[in-house]
Amino acid sequence: MPLLDKFQAVAAIRAGLGGDHNDPTGVVIEEILSATEGRVAGRRTILAGTNNYLGLTFDPACIDAGKRALEAQGTGTTGSRMANGSFADHTALERELAAFYDLPYGLVFSTGYAANLAVLAALLEPADAVLLDADAHASLYDGCRMSGAEIFRFKHNDPDSLEKRLRRLGERSANALIVTEGLYSVLGDTAPLAEFVSLKEQYGALLMVDEAHSLGVYGDRGRGVAEARGVLDQVDFTVGTFSKSLGAMGGFCVSPHPELDLFRYVARPFIFTASGSPATIATVREALRQLQAQPQLRENLWRNAHRLYDGLQSLGHQLGPEPSPVVAVRIGARDDALRFWNRLLEAGVYVNLMVPPASPDSHSYLRCSVSAAHTPQQIDAVLEAFRGAA
Ligand code: PMP
């Protein structure tokens with residue numbers, strides 16, 4: 001088949017999504033009004049699908065830190081850390097992340113996606129086995145594939161299914177890596193990390209947890225689901241992103257293993273891409289300080305999350321299994337979800353549309369993400385829009 005012909009199928013899918021309506025893959029936020037509001041299709045719109053969990057994108061201290069770095073250090077690093085050298089802020093951020101987690105080693109990457117590719121491709125070789133939660137993020141799948149290791153999927157959040165696979169691996173289990181997330185980004189459910197930690201110890205495997213959506217959200221100090229479950233010190237590799245609760249861009253890994261520091265020399269997604277810009281890294285350092293200095297942000301976030309979850313439940317919607325800042329509303333058929341999503345947008349509420357194969361089962365979802373910066377009135381307006389659109 002000629003190379004370009006396959007795009008006819010893509011064009012047909014896109015035409016089906018748009019039609020008379022707004023195309024959910026082509027939303028443009030014409031103006032950003034605040035951490036929780038923008039102008040979409042000329043209308044003032046509540047942003048309820050942004051992963052801006054702590055609302056730090058407009059934090060004055062973060063903006064100030066970014067501006068100062070921009071002026072002092074310029075617009076970009078223009079190269080990779082391996083070839084062009086690290087800026088002092090990259091290494092300072094690595095030390096600060098390690099200290100935040102009470103761990104000796106930290107490494108910063110250009111994106112969360114690159115962090116997952118880098119850690120997995122550095123850790124695993126084709127002879128190794130990786131046990132991957134079936135609903136894991138695409139970046140975790142891609143990292144496993146990039147490594148060439150043999151991939152064994154276990155049922156989502158299911159310790160029995162994981163144990164079966166570990167048992168079947170026999171002696172290879174002692175050389176296996178278990179890969180899971182903390183908070184899952186589509187249904188807003190959390191991994192049974194205490195059970196996974198017991199299994200990894202029983203079988204001698206290592207455990208990697210992607211806390212992309214749980215950093216700043218779970219745990220007494222905001223370090224994620226592993227902290228909330230009391231097993232943070234037993235996780236071998238914690239990865240995360242700066243693009244959600246920290247409101248910027250980039251990714252990281254922290255670990256008790258000294259080998260993490262050697263990933264710099266073998267991880268291609270670390271070596272062959274430009275490092276985070278000075279302004280980005282400076283805002284991340286400040287956001288990490290704000291995350292720790294303002295625990296009330298987490299309290300506001302959870303207050304809003306419960307308000308939305310309880311309200312949608314009262315409206316009779318089928319939601320994910322536990323209240324969390326990710327609230328997934330199951331709609332079922334794709335076309336119904338598309339219509340519902342459009343009505344919400346017309347009512348001035350932006351959420352994320354998730355349709356198969358991007359959703360974890362055969363259903364379609366409207367995925368809301370709550371922010372500490374939402375006011376109770378905004379949450380009520382979202383609920384009112386859901387009531388009207390239904
Ligand atoms: N891991 C998970 C679980 C994610 O949801 C995402 C982003 N959606 C990433 C990693 C990648 O992070 P980033 O967008 O910072 O590259």
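**Reading the terms**

Mentor: By class, two nonpolar, 10 polar and two charged residues make up the shell around the ligand. This is a predicted model, in which local features need pLDDT of at least 70 and side-chain atom pairs count only at pLDDT 80 or more, while totals for chains, interfaces and linings use all residues. Residues are numbered from 1 along each chain as its sequence is written.

Trainee: What makes a residue nonpolar, polar or charged?
Mentor: Ala, Val, Leu, Ile, Met, Phe, Trp, Tyr, Cys and Pro count as nonpolar, Asp, Glu, Lys and Arg as charged, and the others, Gly among them, as polar.

Trainee: Which residues around the ligand come nearest?
Mentor: Of 14 residues, those are G112, Y113, A212, T241 and S243. A residue is near a molecule if its C-beta atom, placed from the backbone, lies within 6 Å of it. Helix α5 (residues 112-123) gives the most to this shell, with three residues.

Trainee: Why is α4 called roughly parallel to α12?
Mentor: Helix α4 (residues 88-100) and helix α12 (residues 278-293) pack at about 25°, with axes 10 Å apart. Axes are lines fitted to C-alpha atoms, for helices over the stretch in contact, and angles run from 0 to 180 degrees between N-to-C directions. Angles under 35 degrees count as roughly parallel, over 145 as roughly antiparallel, 65 to 115 as roughly perpendicular and the rest as oblique. The angle of about 25° therefore makes α4 roughly parallel to α12.

Trainee: And what makes α2 roughly antiparallel to α12?
Mentor: The axes of helix α2 (residues 60-73) and α12 come within 7 Å and cross at roughly 150°. That angle is why α2 is roughly antiparallel to α12. The contact includes A65 and A69 of α2 and A282 and E286 of α12. Residues are in contact if their C-beta atoms, placed from the backbone, lie within 7 Å.

Trainee: How do you know which strands stand at the edges of the sheet?
Mentor: Seven strands form an open sheet in the order β4-β10-β9-β8-β7-β5-β6, with mixed pairing. β4 (105-109) and β6 (150-154) each have a single partner strand, so one side of each lacks a neighbour in the sheet. Two strands pair if DSSP finds at least two bridges between them.

Trainee: How many bridges join β7 to β8?
Mentor: Five bridges join strand β7 (residues 176-181) to strand β8 (residues 206-210), and the two run parallel. V179 stands opposite M208 in β8.

Conventions. Helix = DSSP H or I, 4+ residues; strand = E, 2+ residues; numbered from the N terminus. Contact = placed C-beta atoms within 7 Å.
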